[in-house]
Amino acid sequence: STIDTLKRQYNVLQVLSTTKTDTASQNNIGLGDFWDLSSIFKVDITPTSASNKILISGHVVFQHDGDEAFYLALYRDGSLYSAANGTVVGSRLAAMSASYSKYAWDHATCVINFLDTSLGNTNQKSYSVGLASSTGSDRTMYLNRSYQDANNGQVARFQSTITAMEVAG
C-alpha cells in the first residue's frame with residue numbers, strides 16, 4: 001500500500017510485512033551452518049526506484065535442542081546478504097544478531113534491523129533470515145517454540161515478524 005504518493009525524500013512509500021505464527025523445525029543443522037528460512041518465512045517488496053532504500057525490521061523466536069548462543073543472519077533473494085551481517089574472519093560466522101537460551105523451556109529472540117541502500121534496480125527483493133547455533137553438529141532447530149514444547153504453563157508458543165519499508169531516496 002502506498003503511503004506517500006509524492007515520493008518525498010525520506011518518506012515511507014510502502015510497508016509490507018510477514019508474520020509467522022505456526023511452528024517449524026529443521027534437523028541436522030551443523031556447526032557453522034544456517035537454517036535458511038527463505039522458503040517458509042520472507043517478505044517480498046518491489047522498490048519503485050533504484051535510488052530508494054529498504055528498511056528491514058522484525059524479530060525471530062527460536063531454539064534448538066541444546067544450550068548455547070543463537071545467531072540470526074539476514075538473507076536477500078535466497079542468499080546470505082553479506083552487507084547486512086558481520087564480517088567473516090577466519091571460521092567465524094557472519095551474523096546480524098544473537099541471543100542465548102539455557103533451558104529446555106527457554107527461547108532465543110533475535111532482532112532484525114537493517115537499512116538496505118544497495119538496491120541497484122527496481123526488481124523485487126525478497127528478505128528472509130538464516131538461523132544458527134554455537135553448539136556442535138546435528139542440532140534440530142525450532143521456530144516459534146522451545147524444543148521441549150511441553151503442554152503446560154511454563155512453555156509458550158511465539159510469532160516471528162519481518163517487515164520491509166521502502167523509503168524515498
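Phenylalanine 114 counts as buried because its relative accessibility is 17%, where buried means under 20% relative accessible area, with exposed over 50% and partly exposed in between (1.4 Å probe, protein chains only). The model is predicted, so that local features need pLDDT of at least 70 and side-chain atom pairs count only at pLDDT 80 or more, whereas totals for chains, interfaces and linings use all residues. Residues are numbered from 1 along each chain as its sequence is written, and side-chain values use heavy atoms, without hydrogens and water.

The structure holds 2 aromatic pairs; rings of Phe, Tyr and Trp (its six-membered ring) pair if their centres lie within 6.5 Å, and planes under 30 degrees apart count as stacked, over 60 as edge-to-face and the rest as tilted. Phenylalanine 62 and phenylalanine 70 form an edge-to-face pair, at 5.4 Å centre to centre and 85° between the planes. Phenylalanine 62 is buried because its relative accessibility is 0%, and phenylalanine 70 is likewise buried at 0%.

The rings of tyrosine 81 and phenylalanine 114 have centres 5.9 Å apart and planes at 90°, so this pair is edge-to-face. Tyrosine 81 lies in the loop between strand 7 (79-80) and strand 8 (97-101) and phenylalanine 114 in strand 9 (residues 108-116), so the pair ties together parts 33 residues apart in sequence; strands (E, at least two residues) and helices (H or I, at least four) are DSSP runs numbered from the N terminus. Tyrosine 81 counts as buried at 11% relative accessibility.

Asparagine 52 is placed in the loop between strand 4 (42-45) and strand 5 (53-64), and counts as buried at 5% relative accessibility.
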